[in-house]
Every structure is written in structure tokens, then in C-alpha cells.
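Welcome to this short tour. Please have your viewer ready, and we will go from one selection to the next.

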Amino acid sequence: MKLERILPYSHTLMEKAASNGDIVVDGTVGNGNDTVFLAKLVGPTGKVYGFDIQKEAIERTKKRLQEEQLTDNVELFQAGHENIKKYIPKHFHGHVKGAIFNLGYLPKGDHRVITKPETTIQALEQLLDIMAVEGIIVFVVYHGHPGGDVEKEALVDYVKNIDQQKAHVLCYQFLNQRNNPPFIIAVEKRR
Ligand code: SAM
């Protein structure tokens, strides 16, 4: 298959947005896969701010980072991403180059704890405020679980209405796959 699959494409978009020394965000660290990827992407001179409301997710991510010796440039917060702006130091506001959110529930965790439309949109609004111009926010939208369709609809509806002078909004989706496959919404800040 030549078309890039959803998860690799989410990383390709992050690679376009950020590189060595940059400030990036993992809005839903979960099992730490994206956190590890981002820590490698920005390197020892960069910084990753990672968020998750579940202690289990923070612990699993910490362990992954320790195994890969990537703890130095990552700061993890057991906190909701709806408070992102508060946790990122003021001197980095305007300099965040990339952010990634895998929506839904923690794999091998409690499936009842899911990302929610209101808080996901609050995180997006705050990030748009503190991103650098040409910074990219990627949402990998899982929507097959209970509540997932509501979040998907709210987010799609919200991003469709972002002023095109303010941001470019992309949807990357396989249209003929069965069983509610995830898709990507990417938002690139323009001004
Ligand atoms: N990116 C992760 C990985 O690589 O393993 C997977 C993330 S998982 C699909 C979604 C995560 O979002 C869960 O761990 C859940 O606890 C977390 N979450 C739910 N609501 C949140 C919120 N308001 N702020 C931050 N994290 C949240």
C-alpha cells in the first residue's frame, strides 16, 4: 500500500511541523507511543509537554520513556489538556510547533474514560493561541466506541468553522474502510 496509513501519517505531519530543539505537546499520552516519538523528534534540546488525566497512563508513559532514556526533555502532567495553556510556561507561548491528540480511550485501560468534545475543543482553542505560525495540531479521531461519534461530530463541526485566515484545516481519511476506522484532522495555524 502506497497511501500512508493513519498513525504513520500523524507522525509525518509532526515531522513537517517540528524538529530538533522545538517545543511540542502530546495532549493524550496514553501508553506513551506518541510521547516517545515526539521526544526523539525534538531531541535533547527540545521539550515535550505530555498530558493525561489517568495516573496509569502517566506511569506507563514514564516507564516507556525511561526504557528509551528519553526522560530529560519530557515533562508529564496528570492533568486535563483543557488546561494546557496554564501548564506551558509563558515564555514558550507563541513557540509551540506541534501537538498531537489520540482521541478515545486508553488501550488496555478503562474504556469508560474517554476524551470529551468540550475539553478537546478547549485544548484546540488554547493551543491555537499559543502555537507558532505554521505550527500543526493533529487529532487522530477514534470514534467507534460509545461517545466517540459525539466527539467526532462536535470536533468536525468546530474545525470546519475556523476562519480560513486563521488556520488551514485538513481531513485525512480512508472512505471505504469498515468498522469506524480512525481518521486525522490537522489544523495548521496561519496567524
Ligand atoms: N497517544 C496514546 C498512545 O500513544 O498510547 C493513546 C491515547 S488514548 C487513545 C486517549 C487518552 O486520552 C487516554 O489515556 C485518556 O486517559 C486520555 N484523556 C481523556 N481525557 C483527557 C483529558 N481531558 N486530558 C488529557 N488526557 C485525556
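How many salt bridges does a search of the whole structure find? The search gives ten, counting a side-chain nitrogen of Lys or Arg within 4 Å of a carboxyl oxygen of Asp or Glu. This is a predicted model, where local features need pLDDT of at least 70, side-chain atom pairs count only at pLDDT 80 or more, and totals for chains, interfaces and linings use all residues. Residues are numbered from 1 along each chain as its sequence is written, and side-chain values use heavy atoms, with hydrogens and water left out.

Select Glu68 and Lys40 first. Their side chains form a salt bridge, 3.1 Å from N to O. Glu68 sits in the loop between helix H3 (55-67) and strand E3 (74-78), while Lys40 belongs to helix H2 (residues 33-42), so this pair, 28 residues apart, links distant parts of the chain. Helices (H or I, at least four residues) and strands (E, at least two) are DSSP runs, numbered from the N terminus.

Now show the ligand. Select Asp52: one of its polar side-chain atoms is 2.6 Å from a ligand oxygen. Gln54 places a side-chain N or O atom 2.8 Å from an oxygen of the ligand. At Thr28, look to the backbone, where a polar atom lies 3.0 Å from a ligand nitrogen.

Methods. Polar contact = N/O pair within 3.5 Å; in protein donor to acceptor, adjacent residues only side chain to side chain.
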